[in-house]
Amino acid sequence: MGKHSRPGPPNQPSRAIPRADDGDPLAAYEKRRRPPLDVWRRHRPLHGGGGHLRPDEPRALEEWNGFSYEPAGTAANLAEAQQWVAEQTSADESAA
């Protein structure tokens, strides 16, 4: 592998940059409003550190509002935070 090759399968496009529709005049604007790596909801430990460390400590929940992540609440532990993130993911899949 070369120094600048991206991780992941070579036969799939990168998920880091969503595709823009050439026929839509607002496509570039909508592309800029998408969250990084299409992560609409995320969680962070309240006291810093890695997200996978200390799974029993509380988490801050953040949701993408079109421009930045904003606080959406708290979760008592890592499992509850992951469940909250998965709720949005499953809702997106059912809507598609």
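**Entry 1: terms first.** I call a residue buried at under 20% relative accessible area, exposed at over 50%, and partly exposed in between, with a 1.4 Å probe and protein chains only. With that scale in hand, I looked up Glu 57 and found it partly exposed, with a relative accessible area of 25%.

**Entry 2: what kind of model.** I noted that this is a predicted model, where local features need pLDDT of at least 70, side-chain atom pairs count only at pLDDT 80 or more, and totals for chains, interfaces and linings use all residues. Residues are numbered from 1 along each chain as its sequence is written, and side-chain values use heavy atoms, with hydrogens and water left out.

**Entry 3: confidence.** pLDDT is the predictor's confidence in each residue, from 0 to 100. I found a mean of 80 for the protein, with 72% of its residues at 70 or more. Among the elements, S3 has the highest confidence, at 95, and H1 the lowest, at a mean of 76. I reminded myself that where pLDDT is low, the predicted coordinates should not be read in detail.

**Entry 4: the layout.** I take helices (H or I, at least four residues) and strands (E, at least two) as DSSP runs, numbered from the N terminus. The protein has two helices and three strands, and their order from the N terminus is α-β-β-β-α. Of its 96 residues, 17% count as buried. I count a contact when heavy atoms are within 4.5 Å. Among contacts with a separation of 6 or more, 28% are between residues 24 or more positions apart.

Entry 5: Two strands pair if DSSP finds at least two bridges between them. Strand S2 (residues 59–64) and strand S3 (residues 69–75) run antiparallel and are joined by six bridges. I picked out one partner pair, Glu 63 with Glu 70 in S3. S2 and S3 make a hairpin with four residues between them, and Gly 66 in the turn has a positive phi of about 110 degrees.

**Entry 6: salt bridges.** How many salt bridges does the structure hold? I found three, using the rule of a side-chain nitrogen of Lys or Arg within 4 Å of a carboxyl oxygen of Asp or Glu.

- Glu 63 pairs with Arg 41, and their closest N and O atoms are 3.0 Å apart. This pair links distant parts of the chain, with Glu 63 in strand S2 and Arg 41 in strand S1 (residues 41–45), 22 residues apart. Arg 41 is buried at 15% relative accessible area, whereas Glu 63 is partly exposed at 27%.
- Glu 62 and Arg 42 meet through their side chains at 2.5 Å, N to O. Glu 62 lies in strand S2 and Arg 42 in strand S1, so this pair ties together parts that are 20 residues apart in sequence. Here I found Glu 62 buried at 18% and Arg 42 partly exposed at 23%.
- Arg 54 pairs with Glu 57, the closest N and O atoms being 3.1 Å apart.

**Entry 7: back to Arg 54.** I went back to Arg 54, which sits in the loop between S1 and S2. Its relative accessible area of 39% makes Arg 54 partly exposed. Arg 54 also has a positive phi of about 50 degrees, although it is not a glycine.

**Entry 8: His 43.** Is His 43 buried or exposed? I found His 43 buried, at 16% relative accessibility, and placed it in strand S1. Beyond its neighbours within four places in sequence, His 43 is in contact with residues including Arg 59, Ala 60 and Leu 61. Leu 78, Ala 81, Gln 82 and Val 85 are also among the contacts of His 43.

**Entry 9: Asp 38.** I found Asp 38 in the loop between H1 and S1. Asp 38 is partly exposed, at 31% relative accessibility. The C-alpha atoms of Asp 38 and Trp 64 are separated by 9.5 Å, and the two residues are 26 apart along the chain.

Entry 10: Accessible areas come from the Shrake-Rupley method with a 1.4 Å probe, and for residues only the protein chains shown count as cover. The protein exposes about 7,400 Å², with carbon and sulfur atoms supplying 54% of it. I build patches from residues with over 30% relative accessible area and no salt bridge, joining like charges within 9 Å and nonpolar side chains (Val, Leu, Ile, Met, Phe, Trp, Tyr) within 5 Å. Leu 26, Tyr 29 and Phe 67 make a nonpolar surface patch of about 340 Å². Leu 26 is in the segment before helix H1 (27–33).
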